[in-house]
Every structure is written in structure tokens, then in C-alpha cells.
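This report walks through a protein chain, its ring pairs and its nonpolar cores. Please keep the sequence and the structure in view while reading.

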Amino acid sequence: MEFRSLRKEDDRSRFSCGNGDLDTFFRRFAGQNQFRHQIGVTYVFADASGVAAFVTVAAHSLKLPDGQRGSLPDYQLPVLLIARLGVDAGRSGQGLGKRLLRECCALAVEQSERFGCVGLATDAKADAVEFYRRFGFTPLADPTERGTQLHFLALRHFLAEVKARSPA
């Protein structure tokens with residue numbers, strides 16, 4: 001399965017993760033946001049049978065609370081925002097969500113080396129909060145009126161995990 005950016009010719013019409021908002025976004029707006037407006041880039045896991053999973057990312061900044069800032073400055077810091085993430089229902093249970101997060105971490109590392117990035121952020125809906133927490137994301141604020149909650153994963157957390165898994 002190939003991880004790559006969305007292409008204009010990708011058939012998005014058959015993708016269904018079971019969440020109507022995510023399905024509509026991927027089918028109707030992911031291409032517009034990437035190709036026309038340049039406000040986010042959608043990456044996909046795809047093979048000969050089509051798109052199995054997608055994640056849309058965008059540049060973002062946020063101010064970390066004192067308890068999570070560590071030695072970082074007390075002002076807006078660059079992060080990679082995970083705007084949307086979905087796995088086709090027919091491909092669930094294959095670890096694609098976890099693989100998408102690992103690819104996002106790799107994108108954030110690349111961003112940090114090119115122009116700065118301290119981590120990943122996502123404005124997770126209530127039903128996705130546990131997914132992100134399992135991978136080390138921590139809440140930054142109370143849930144909003146829309147039922148979302150901003151979560152953050154420090155890049156140093158990911159890099160320490162990679163280093164720990166690397167052979168000595």
C-alpha cells in the first residue's frame with residue numbers, strides 16, 4: 001500500500017468510513033482545499049482497489065499551556081495540524097489509523113527541519129479523543145461547544161520513541 005498525497009484523478013466517491021462528515025469532506029472538499037485553495041494537503045494510503053485511508057494536514061500554530069510547554073517559549077509555536085483523518089470501513093482493523101499518525105509524525109519532523117515545528121495538534125471530536133490519547137496526545141483545553149477538544153503531541157515525544165526503538 002502506497003502512502004502519498006492525494007491526486008486529482010483519485011476516485012474519492014467510493015470512500016466510506018462510516019462518519020458522514022468525514023466522508024463528505026473527503027469526497028467533496030479535500031480536493032478543493034488542496035488543489036484550489038492550498039489550505040491543506042491530504043495524504044492517502046492507496047492501492048489498486050482505491051483509497052483505504054486519508055489524513056488532511058495543514059500548517060498551524062498554538063500557544064501551549066505552562067504545564068505542557070516545558071522549555072519552549074510562551075508564544076504561538078508552529079505545529080502540524082491533523083485536520084481530518086479517516087479509514088475506509090472495509091479496511092478498518094488493519095492498523096491504518098496508527099500508520100497515518102506515524103506518517104504525520106514523519107511529516108512534522110520534516111517540517112521541523114525545514115522551517116520549524118514543535119509537534120502535532122488535532123481538534124478531536126469526542127468519539128476520536130481516545131484514539132489520539134492512546135498515541136500520546138494530551139488535551140490542551142476543555143471540550144468546545146462543538147464537542148471537539150484540542151490535543152497535542154510534542155515532537156520530542158515521538159523522536160524519543162523512535163530513538164528507543166532504534167538498534168544501538
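In which strand is Thr122 found? Thr122 is found in strand S5, residues 119-125, where helices (H or I, at least four residues) and strands (E, at least two) are DSSP runs, numbered from the N terminus.

## Basis of the model

This is a predicted model, in which local features need pLDDT of at least 70 and side-chain atom pairs count only at pLDDT 80 or more, while totals for chains, interfaces and linings use all residues. Residues are numbered from 1 along each chain as its sequence is written, and side-chain values use heavy atoms, with hydrogens and water left out.

Thr122 counts as buried at 3% relative accessibility; buried means under 20% relative accessible area, exposed over 50%, and partly exposed in between (1.4 Å probe, protein chains only). Leaving aside neighbours within four places in sequence, the residues in contact with Thr122 include Leu81, Ile82, Tyr132 and Phe137, contact being heavy atoms within 4.5 Å.

Phe131, in helix H4 (residues 129-134), also counts as buried, at 18% relative accessibility. With neighbours within four places in sequence again left aside, Phe131 is in contact with Leu85, Gly97, Lys98 and Leu101.

## Aromatic rings

The structure holds nine aromatic pairs, and rings of Phe, Tyr and Trp (its six-membered ring) pair if their centres lie within 6.5 Å, with planes under 30 degrees apart counted as stacked, over 60 as edge-to-face and the rest as tilted. One of the pairs joins Phe3 and Tyr43, which are stacked at 5.4 Å centre to centre with 15° between the planes. Because Phe3 lies in strand S1 (residues 2-5) and Tyr43 in strand S2 (residues 41-47), this pair ties together parts that are 40 residues apart in sequence. Phe3 is partly exposed, with a relative accessible area of 23%, whereas Tyr43 counts as buried at 18% relative accessibility.

Phe15, Phe25, Phe26 and Phe54 form one aromatic cluster.

## Nonpolar cores

A nonpolar core is a set of buried Ala, Val, Leu, Ile, Met, Phe, Trp, Tyr and Cys residues joined through side-chain atoms within 4.5 Å. The largest one has 27 residues, and those with the most contacts inside it are Val55, Ile82, Leu85, Leu120 and Tyr132. At least two residues of this core come from each of S2, strand S3 (50-62), strand S4 (77-87), helix H3 (96-114), S5 and H4, and H3 gives the largest share, eight residues. Apart from this core lies another, of 11 residues, among them Phe15, Leu22, Phe26 and Val44.
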